[in-house]
Each structure stands twice: as structure tokens, then as C-alpha cells.
Amino acid sequence: MNKSDQPPPSEITSRATFERRREFMRLAAGAIASLGLPTAQGKESLAAKPATAYSTTEAPTPYAHVTGYNNFYEFGSDKEDPARYASALRSRPWSITLDGLVKRPRTLAIEDVQRLAAMEERVYRLRCVEGWSMVVPWIGFPLSVLLKQVEPMTDAKYVSFESAVQPDVMPGVRRKLLDWPYQEGLRLDEAMHPLALLVFGLYGEVLPKQNGAPLRLAVPWKYGFKSAKSIVRIRFTDRQPNTSWVTAGPTEYGFYSNVNPEVDHPRWSQAKERRLGEILKRPTLMFNGYAEQVGQLYTGMDLRRFF
Amino acid sequence: MTDRGVGVAKTILFLLSLGPLAYYAWSFQQDSLGANPIEALTRGMGDWTLRFLLLTLAVTPLRKLAGLPWLGRLRRMLGLFTFFYASLHLATYLWFDQFFDWPAIAKDILKRPFITAGVTAYCLLLPLAATSFNAAIRRLGARRWRELHRTIYAIGIIAIVHFWWMVKIDTREPLIYGLVLAALLGIRIWWREQERRRQEAGAYGRNMAARVITITPRR
């Protein structure tokens with residue numbers, strides 16, 4: 001063989017590089033396949049490492065249902081309203097204020113919040129108070145990471161979460177469906193629990209607006225409405241904060257609102273739920289199946305009284 | 001309108017009334033009822049029950065106001081479609097929500113006011129559907145039959161309450177249906193009041209006339 005026919009050594013791809021490229025191709029193909037349609041539509045992806053210890057192995061609810069069937073009353077009371085109207089939400093620029101009983105009150109830009117910790121993908125069950133449920137691959141990091149930033153004082157016992165109000169783009173706010181801004185709250189130890197997730201994305205992409213962009217909570221052992229969306233403020237208090245649904249119906253919604261098949265909503269049973277995509281209802285699990293992890297938060301408490 | 005014309009109108013109405021069922025059956029088959037098709041189906045059948053109930057109640061006012069007496073002959077079919085959609089609504093609940101778990105259903109009916117109301121409305125519809133044919137009218141006698149079928153007013157109110165108690169917080173939809181029902185019942189109350197006054201005035205007139213007659217001889 002003529003020597004000039006051979007490529008110079010500098011041009012030969014080393015075996016290691018060659019294999020790395022194959023690995024990259026495989027990963028990229030997998031990532032694209034797992035994202036499916038969103039990537040094809042050019043949505044912003046959000047990288048995260050799977051947190052299997054915190055994830056259910058149940059099949060995630062299809063993307064179209066997760067992003068098309070939502071309760072986000074700022075945009076109306078129909079399940080399709082958020083997907084219909086939330087695109088007008090102004091989610092940039094966005095900042096979040098942490099104040100109240102803390103040593104270092106702060107206002108942080110969303111970009112700075114996102115940099116506080118590595119993103120994890122956690123597949124959680126979500127049980128709505130209305131009796132349906134889904135399984136969502138959320139992306140985020142523990143809420144405790146953010147809360148620790150401001151150094152809560154010892155007398156801080158509760159945290160309240162306030163959602164954004166943009167009346168010009170929120171038909172439900174103009175109709176005064178609830179007492180706006182939307183308020184939710186957790187006991188501080190609940191908020192610090194490793195399962196309580198601060199969410200920035202789902203299904204491998206940046207959180208769609210109808211799901212509470214740019215940041216929301218996922219508190220999987222409580223009914224869905226406890227997981228506040230589009231949060232602008234977190235306050236630390238020594239008293240149990242008022243929350244929107246308790247204000248709207250004190251006999252129907254409690255501050256704790258832990259998923260509990262034995263404590264019914266006064267107007268309907270909570271014993272069963274319909275998982276989206278399934279025909280018949282399945283039994284609802286205590287603390288939505290997270291009893292092992294969170295049960296000790298409520299030892300000695302009468303869960304009928306503190307519903 | 002000729003009998004033939006009414007027959008054609010009835011056929012058209014019958015086919016139109018099957019439209020909602022066809023739509024839901026087709027959409028269910030095509031999986032285009034959204035993320036929670038069972039809920040969409042249950043709600044859809046409930047919505048159409050209420051719509052047919054209001055249409056049934058609209059027949060008489062429309063017939064009188066528009067001066068179209070033949071419209072009255074469509075009323076029975078609309079009433080029966082109310083019962084038809086109510087039966088489908090109930091069936092979706094018994095089948096998909098409870099999967100024929102009778103103890104759970106009994107508990108639900110006793111414990112949940114909105115379900116109690118719904119089941120009550122359905123039970124009250126049963127005797128009306130059962131006496132909807134001509135022989136039943138003859139056997140009961142027109143007066144008793146009419147009195148029995150006035151239950152539909154109460155059923156309408158209970159159906160609105162059932163809807164109202166079901167919604168979480170946004171009462172706009174049951175409010176709209178409630179206002180339509182109020183208008184349809186209101187016009188009946190108003191007509192009745194007019195009729196009562198007319199009769200009173202008539203009786204007063206006759207009394208006065210009688211008095212004049214009795215007084216005259218004394219003069």
C-alpha cells in the first residue's frame with residue numbers, strides 16, 4: 001500500500017473518542033426519544049439526573065394529559081383553561097422574595113434560584129382533592145435548599161407561599177373565583193422534608209406555564225392544591241398562615257390536606273381515585289403512598305381534626 | 001300544522017336528540033374526550049339531562065307565546081329524552097365511578113347531599129316516564145295525570161341543586177341553568193296569577209251583577 005494513501009496519524013480518530021461519540025449518539029437519541037414531541041416543537045429542555053430513590057416506578061401519565069388537564073384557578077376553573085390561557089403569563093423576568101422570621105431576608109432572581117442545587121428528576125404521584133390522580137416526572141431540587149438560604153429564625157414554625165397575580169392575563173383572577181393572590185402554606189418541618197420539591201420543569205423540559213412556571217412546589221403526600229404554582233413570595237411565620245382554599249371553604253378544605261382515604265371531603269368520598277388514563281377507580285393510599293417517609297411528621301395528631 | 005308535518009318534526013327532533021349521545025359515543029371511541037374521558041362522559045350526560053329538562057319545560061311557554069299549538073305535541077318526546085339522558089348519567093356513575101359496588105353506592109347516596117339530590121330527582125322521574133303513554137293518561141284521568149306530571153317542576157329545582165352542590169367553587173354554570181329554570185317557572189307562576197285575578201274579577205263582576213239584580217226590585 002502506498003504510504004500517501006493513508007491518512008496522517010493526526011486525522012485518525014482514536015478508539016476512545018470513537019466510542020465516546022457512539023455513547024453520545026446513543027444518549028442523545030435516547031434523550032430525544034424520551035422527550036418526544038416537546039423537543040420536536042423546540043421547547044426549552046432542562047437537564048436533570050434521575051433521583052430513583054425518591055421516584056415511583058409507576059408509568060408517568062402521558063405528557064399531553066400532564067400539560068392539558070390542570071387546576072390553575074387564576075386562569076379559570078375548567079381543566080382545559082390553564083392550557084388555553086396560561087401562555088400569556090409573563091414568566092420572565094421573575095424574582096422571588098423570602099422574608100418574615102428569617103435572619104437574611106432576600107429577593108432572588110429565578111436564574112439565581114435555579115443555580116442553587118443540581119436538578120433532579122423525581123417521578124411523583126399527584127392526587128387531586130377532586131378524586132383524580134396522575135404520575136409526573138418533575139424536575140427540581142428539595143425546597144429546603146432554598147429555605148435554608150435565608151436562615152429561618154427559631155420561632156419560624158410555618159411558611160406561606162404566594163402565587164403571582166397578573167389580572168390582565170388571568171381570567172380567573174378577574175372573576176374573583178378565590179381570594180387572590182393564591183396563598184398556600186406548610187408547617188416548616190413539612191417544607192423541610194426531603195420529599196417537598198421545588199419544581200422548575202417536567203418531562204425533561206422547562207416547566208410549561210399551565211403547570212405553574214417558572215417555579216412551583218410538588219408536595220406529593222398532600223392534595224394537589226397544596227403545591228403552589230408560579231410562586232413570587234415565601235414568608236416565614238410563627239402562626240399557621242391563611243390559605244386560599246381554607247378561606248373559600250373552611251369546612252371542606254383544611255390546612256394540612258394530607259391525602260387520606262379515611263377522611264372524606266364533606267361532599268365526596270376520598271377512598272378512591274381515578275388515575276388519568278384508567279377507566280375504573282383505584283384505592284387511594286394513605287399520604288398518597290408516602291406514609292413511610294412522612295408518617296412521622298404527624299405522630300399523635302388526630303388527622304380527622306387536622307384534615 | 002298538519003299531522004304529517006308534526007310527524008316529520010317529530011322524526012327530525014328524534015334524530016337531533018340522539019346527537020349528543022352519538023357525539024359522546026364517537027368521541028369516547030376516538031379517545032378525544034380529553035385526559036379524563038369518564039368524567040367528561042358523566043358530566044356530558046348530566047348536562048344534556050338538564051338541557052332536555054329545560055327544553056321540555058320551554059315547550060308550553062313557547063307554544064303560547066309563539067302561537068304554535070302543534071309544538072305541544074313534541075313535549076312528550078323531549079320529556080322522554082330527559083329520562084333517557086338521566087338514565088345514561090346515572091349508569092356512568094354506577095358503572096365507572098362505583099363499578100356496581102352497591103354498599104358503597106348506598107353509603108354515597110345517604111352521605112353525599114349532591115348524590116342524594118341527584119338520585120331523588122331520578123326517582124321522581126321514574127313515575128313520569130312510566131306514565132308517558134296514552135293508555136296511562138286515560139287510566140289516570142287527565143286531571144290526575146297532569147297533577148302527577150307537575151312533579152317535573154320540583155325535579156328541575158332538585159337537578160339544579162344537585163349541580164350546585166357538586167361544583168367546587170365556580171357556580172357560574174349551575175347559576176345559568178338555574179336562571180333559565182327560574183324564568184320558565186316564573187312565567188307559569190305569572191300566568192297562574194293572571195288567571196286567578198281574571199277569575200276573581202269575573203266572580204266579582206258576577207256578584208255585583210247579582211247584587212244589582214237583588215237590589216233592583218226594592219226600588
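Is the crossing of H3(B) and H9(B) left-handed or right-handed? The crossing is left-handed. This is a predicted model.

## How H3 and H9 pack

Helix H3 of chain B covers residues 37-66, and helix H9 of chain B covers residues 151-166. Their axes lie 11 Å apart and form an angle of about 150°. Angles over 145 degrees count as roughly antiparallel, so H3(B) is roughly antiparallel to H9(B).

The H3(B) side of the contact brings in Leu50(B), Leu53(B) and Leu57(B). They meet Ile152(B), Gly156(B), Ala159(B) and Phe163(B) in H9(B). By type, the residues of this contact divide into 6 nonpolar, 1 polar and no charged.

## The fold of chain B

Chain B has 10 helices and 0 strands. Its radius of gyration is 23 Å, well over the 17 Å that the globule rule gives for 219 residues, so chain B is more spread out than a compact globule. The C-alpha trace spans about 90 × 45 × 35 Å along its principal axes.

Of the 219 residues in chain B, 17% are buried. Among contacts with a separation of 6 or more, 62% join residues 24 or more positions apart.

## Pro20 in helix H2

Pro20(B) sits in helix H2 of chain B, residues 19-30. It has 19 other C-beta atoms within 10 Å, so Pro20(B) is partly exposed. A residue needs 20 or more to be buried.

Pro20(B) and Tyr85(B) are 65 residues apart in sequence. In space, their C-alpha atoms are 9.3 Å apart.

Notes:
Residues are numbered from 1 along each chain as its sequence is written. Chains are lettered from A and ligands numbered from 1 in the order in which they are written. This is a predicted model: local features need pLDDT of at least 70, side-chain atom pairs count only at pLDDT 80 or more; totals for chains, interfaces and linings use all residues. Helices (H or I, at least four residues) and strands (E, at least two) are DSSP runs, numbered from the N terminus. The radius of gyration is taken over C-alpha atoms; the globule rule is 2.2 Å times the number of residues to the power 0.38. A residue is buried if 20 or more other C-beta atoms lie within 10 Å of its own, exposed if 12 or fewer, and partly exposed in between; C-beta atoms are placed from the backbone. Two residues are in contact if their C-beta atoms, placed from the backbone, lie within 7 Å. Axes are lines fitted to C-alpha atoms, for helices over the stretch in contact, and angles run from 0 to 180 degrees between N-to-C directions. Angles under 35 degrees count as roughly parallel, over 145 as roughly antiparallel, 65 to 115 as roughly perpendicular and the rest as oblique. A crossing is left-handed if the near helix is turned anticlockwise from the far one by less than a right angle, and right-handed if clockwise. Ala, Val, Leu, Ile, Met, Phe, Trp, Tyr, Cys and Pro count as nonpolar, Asp, Glu, Lys and Arg as charged, and the others, Gly among them, as polar.
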